[in-house]
Amino acid sequence: SWTTGNVIEEQVAAIREQVGTKRAICGLSGGVDSAVAAALVQKAIGSQLTCVYVDHGLMRQGETEQVEKDFVAATGVQLKVVDAEERFLAALAGVSDPEEKRKIIGREFIRVFEQAQAEIVAESAGEGEDVAFLVQGTLYPDVVESGGGTGTANIKSHHNVGGLPEDLEFALVEPLRKLFKDEVRMVGQELGLPEEIVQRQPFPGPGLGIRIVGEVTKSRLDLLRQADAIAREELTAAGLDREIWQCPVVLLAEVRSVGVQGDGRTYGHPIVLRPVSSEDAMTADWTRMPYDVLARISTRITNEVADVNRVVLDVTSKPPGTIEWE
Ligand code: XMP
């Protein structure tokens with residue numbers, strides 16, 4: 001019968017059998033799937049696994065630290081953190097178009113990840129250890145959607161490090177291939193991962209980069225991070241974080257409106273709250289949130305975040321609106 005204990009035992013045995021004495025690499029995004037996949041593989045092969053986390057500077061407050069400290073503390077995993085904030089901000093400078101931003105973030109992400117991967121492969125080769133496996137947090141619904149084949153990832157290295165082959169072929173380790181999201185959360189919990197990671201709401205790969213309508217800059221990111229942290233804090237305090245599917249907080253960086261704050265007139269930016277209820281993110285409804293919670297979030301954001309003088313609520317379903325603004 002299905003128990004998380006059985007699943008873990010079975011997968012640990014299968015991973016040991018598959019990987020043998022070779023090494024594996026896993027990219028961590030901060031999301032649930034990659035975290036649980038990495039924790040399972042870590043349990044199976046320990047120090048034969050190295051995880052890579054690319055900090056693109058578009059994460060929310062505390063997220064990078066959560067991976068660096070809490071995830072490492074809970075699993076003992078070897079982690080390589082790449083601080084790529086400057087690189088991403090430079091690549092995004094002057095760009096306002098949403099699709100353009102997404103393309104740039106995706107492209108830079110792959111480059112940084114591959115470079116880190118190549119470094120790990122080169123270091124391991126120096127010690128006579130083959131890196132032959134790439135761990136991925138593929139879930140059952142992903143398998144069904146993509147036609148169900150098992151694959152190998154053909155990683156083209158654009159950053160040749162010390163005589164590595166042009167094309168490195170990794171076999172995939174996908175320990176979550178038979179599981180649904182709620183089962184993955186249960187396995188994560190059983191493996192002792194922190195609640196904040198296991199129960200995380202979905203967060204887009206391009207991060208806050210697609211929650212700033214307009215150009216992405218460091219100061220705008222800092223402002224949005226502050227507003228987002230307040231919204232999350234109040235939603236959690238009100239016990240709403242599990243009920244709400246997700247609540248993007250969006251900065252309209254190129255819109256200004258007049259306000260009155262303290263003793264004077266201000267000319268600041270609006271923050272949009274986008275709480276949605278959903279089963280699968282394909283469709284969504286705007287969440288009828290309690291007014292007092294909305295009031296607390298609004299008061300705190302306008303009091304605590306400089307340059308924000310208005311908080312607005314998005315009351316659009318999906319369709320016609322998407323969950324994210326970009
Ligand atoms: P939309 O905005 O299309 O979002 O209604 C649906 C769900 O997908 C998430 N999302 C992304 N997740 N990479 C991701 O990993 C992305 O580029 C991306 N874009 C949107 C969004 O947060 C929502 O949960």
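The exercises below, each with a worked solution, concern a predicted model.

**Exercise 1.** Determine how helices α9 and α10 are oriented to each other.

Solution. Step one is to locate the helices: α9 spans residues 218-237 and α10 spans residues 291-304. Step two is the geometry: they pack at an angle of about 150°, with their axes 9 Å apart. Step three applies the cut-off, by which angles over 145 degrees count as roughly antiparallel. The two helices α9 and α10 are therefore roughly antiparallel to each other. The crossing of α9 past α10 is right-handed.

**Exercise 2.** List the residues through which α9 and α10 meet, and sort them by class.

Solution. From α9, the residues are Q226, A227, I230, A231 and E234. Their partners in α10 are V293, R296, I297, R300, I301 and E304. Sorted by class, this contact holds six nonpolar, one polar and four charged residues.

**Exercise 3.** Describe the packing of α4 with α5.

Solution. Begin with the positions: α4 covers residues 85-92, and α5 covers residues 98-126. The angle between them is about 145°, and their axes lie 10 Å apart. α4 passes α5 in a right-handed crossing. In α4, R87, F88, A91 and L92 take part, meeting K101, I104, I105, E108 and V112 of α5. The classes in this contact are six nonpolar, no polar and three charged residues.

**Exercise 4.** Decide whether D83 and D307 are buried, partly exposed or exposed.

Solution. The cut-offs are needed here: 20 or more neighbours within 10 Å make a residue buried, and 12 or fewer make it exposed. D83, in strand β3 (residues 78-83), has 13 C-beta neighbours inside 10 Å and so counts as partly exposed. D307 lies in the loop between α10 and β13. With 15 C-beta neighbours inside 10 Å, D307 also counts as partly exposed.

Key. Residues numbered from 1 in each chain as written. Predicted model: local features only at pLDDT ≥ 70, side-chain atom pairs only at ≥ 80, totals over all residues. Axes fitted to C-alpha atoms, helices over the stretch in contact; angles between N-to-C directions. Helix = DSSP H or I, 4+ residues; strand = E, 2+ residues; numbered from the N terminus. Parallel < 35°, antiparallel > 145°, perpendicular 65-115°, else oblique. Left-handed = near helix turned anticlockwise from the far one by under 90°. Contact = placed C-beta atoms within 7 Å. Nonpolar A, V, L, I, M, F, W, Y, C, P; charged D, E, K, R; others polar.
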